[in-house]
Amino acid sequence: MLKIYNTLSGKKESFRKKTITLYTCGPTVYDYDHLGHAWNYFNSDILRRTLEYNNYKVKHVMNITDVGHLVSDADTGQDKMEKSAKEKKKSIWKIAEYFTKIFFENRKKLNILYPHIVSRATDCIKETQDLIKILIKKGYAYKISDGIYFNVQKFPKYGKLSGNTLEKLKAGARIDINLEKKHPADFALWKFSPKNEKRQMEWDSPWGKGFPGWHMECSTIAMKYLGKTIDIHTGGEDNIFPHHESEIAQSEAINKKRFVRIWFHTRHLKIEGQKMSKSLKNFITLREIKNPLALRYLFLTAHYRTPFNYTEKGLKAAESALKSLYNFFLSLEDSKRINKKYQKQFQTAINDDLNMPKAMSIVWKLIKDQKAKDKKQTLLNFDKVLGLGLKELKIIIPEKIRKLIKERETQRKEKNWEKADKLRNQIEKQGFLIKDTEKGTNISFA
Ligand SMILES: [Zn+2]
């Protein structure tokens, strides 16, 4: 039985139903995505694939934040999107479109499945305003000079996900906090456009021209497509507070119903043991990763609830391990059945809160087991979760190389040994090895 750790309960939990609604907090599309993003979305992908492997029917929704995410979590500072547009001297809509495109290209290279529904925050302005109206009507929200705020003191469970209390939040509040707020932890539902500045993105509302607060879009989009209660909500651990805590408060205040059953959070990623930050100049974007599937392999050797330490050495080792796996797979004979013994071990590992390091050890145990049968079909079955592209492996070998191999086979049949050898050299120069067997030519990555 599949069990997933729930941040809210602190326990591993299972599901009683066969259809699972899954919501993923998407990116703020103002810059190139980095390794931390990849690690986070990779783990959501493993979660979804594991659910599907267990025959759950998954409905997966993700948002794209293209407005309202401010530089500071305290609802102050510039809008990240507006800031990026100004720096790059581009229209904010163009910035959003460009980085959304890059984001999905990167996901594809990492074999991360596309959500069933993707919605931009700016696609749901009307729905967001409708929810804010309900919060005002129910007495959970109030207006001050720079926007409409959620009153956390009206929601006694505020802090249940992060372990924060209103007292602790008050004590730890920054001094430059907006003093008009009733409590330092009150968060913006709708912010008014600044009086001295023209925003590129702003909308009319019953309260004044402005834009939605960051947390609102996820409640809006989750409710719009998945209903009042969703089964699993994923995100990075840095989203727990204030983002997810605030999503809970808004949604449960509106619906008087539990918003999320299981909160799934990926721990952070470090670079060579250090926090990734622009000031340390150790910021690695996905554009710099030449072999995305090797990165995926590297991620597979770790568990999502342990901080991930990315190292260049680790990526190199993953690259060579992935190559060995591919070469082994390419040398296998076709099989129709799945090795049940190994499948059971694999499924037990992934079903224990996505224990991928264990699952990978089972992959290699199967490979090395001389007596094990049906390896090819079994590995293909595992790859539904691993996503290393085994099924498409033949496609990874370029058409050009496959043509050269065919030609060489013909030359060999006609006993033109010299020509055949020349072709072998050509193939090897391009990074592939060939071996002649009774059944034909075996190809592998050099
Ligand atoms: Zn979110």
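Lys-281 is exposed, with a relative accessible area of 75%. That residue is found in the loop between β13 (274–275) and α8 (292–300). Its backbone deserves a look. Phi of Lys-281 is near 55°, a positive value, and the residue is not a glycine. Most residues other than glycine have a negative phi. This model is predicted, and the values here are computed from its atoms.

Phi of Lys-89 is positive, about 55°, although Lys-89 is not a glycine. Lys-89 sits in the loop between α2 and α3. Its relative accessible area is 75%, and Lys-89 is exposed.

How do α2 and α3 cross? Two packed helices are described by the angle between their axes and the distance between the axes. Here the axes of α2 (residues 80–88) and α3 (residues 92–109) come within 9 Å. They cross at roughly 100°. An angle from 65 to 115 degrees counts as roughly perpendicular, and α2 and α3 therefore stand roughly perpendicular to each other. On the α2 side, Met-81, Glu-82, Ser-84, Ala-85 and Lys-88 make the contact. On the α3 side, Ile-92, Ile-95, Ala-96 and Phe-99 meet them. By class, the residues of this contact are six nonpolar, one polar and two charged.

Take one pair in detail. Strand β4 (residues 57–64) and β5 run parallel, joined by four bridges. Ile-64 has Arg-120 as its bridge partner in β5.

Next comes the metal. Which residues are the protein donors of the zinc ion? They are Cys-25 through SG, Cys-218 through SG and His-243 through NE2. These donors lie 2.1 Å from the zinc ion. Along the chain they follow the spacing C-x192-C-x24-H. Cys-25 lies in the loop between β3 (19–24) and α1 (35–53), and His-243 lies in helix α7 (residues 240–255), so the pair ties together parts that are 218 residues apart in sequence. Are Cys-25 and His-243 buried or exposed? Both are buried.

Pro-242 is found in α7. The peptide bond from Phe-241 to Pro-242 is cis, with omega near 0°. Most peptide bonds are trans.

Elsewhere there is antiparallel pairing. Strand β6 (residues 141–144) and strand β7 (residues 147–150) run antiparallel, and four bridges join them. The two strands form a hairpin with two residues between them.

Leu-380 lies in helix α12 (residues 375–386). Leu-380 counts as partly exposed, at 21% relative accessibility. The threshold matters here, since buried means under 20% relative accessible area. Leaving aside residues up to four places away in sequence, Leu-380 touches Phe-329, Leu-390 and Lys-391. Thr-229 is 151 residues from Leu-380 in sequence. In space the two are 35 Å apart, C-alpha to C-alpha.

Finally, step back to the whole chain. The protein has 15 helices and 16 strands. Its C-alpha trace spans about 90 × 50 × 35 Å along the principal axes. Of its 446 residues, 55% count as buried. Among contacts in the protein with a separation of 6 or more, 75% come from residues 24 or more positions apart.

Terms used. Residues numbered from 1 in each chain as written. Predicted model: local features only at pLDDT ≥ 70, side-chain atom pairs only at ≥ 80, totals over all residues. Heavy atoms only, no water. Axes fitted to C-alpha atoms, helices over the stretch in contact; angles between N-to-C directions. Parallel < 35°, antiparallel > 145°, perpendicular 65-115°, else oblique. Contact = heavy atoms within 4.5 Å. Nonpolar A, V, L, I, M, F, W, Y, C, P; charged D, E, K, R; others polar. Donors = N, O, S within 2.8 Å, 3.2 Å for Na, K, Ca; no water. Buried < 20%, exposed > 50% of the residue type's maximum accessible area, 1.4 Å probe, protein only. Pairing = 2+ DSSP bridges.
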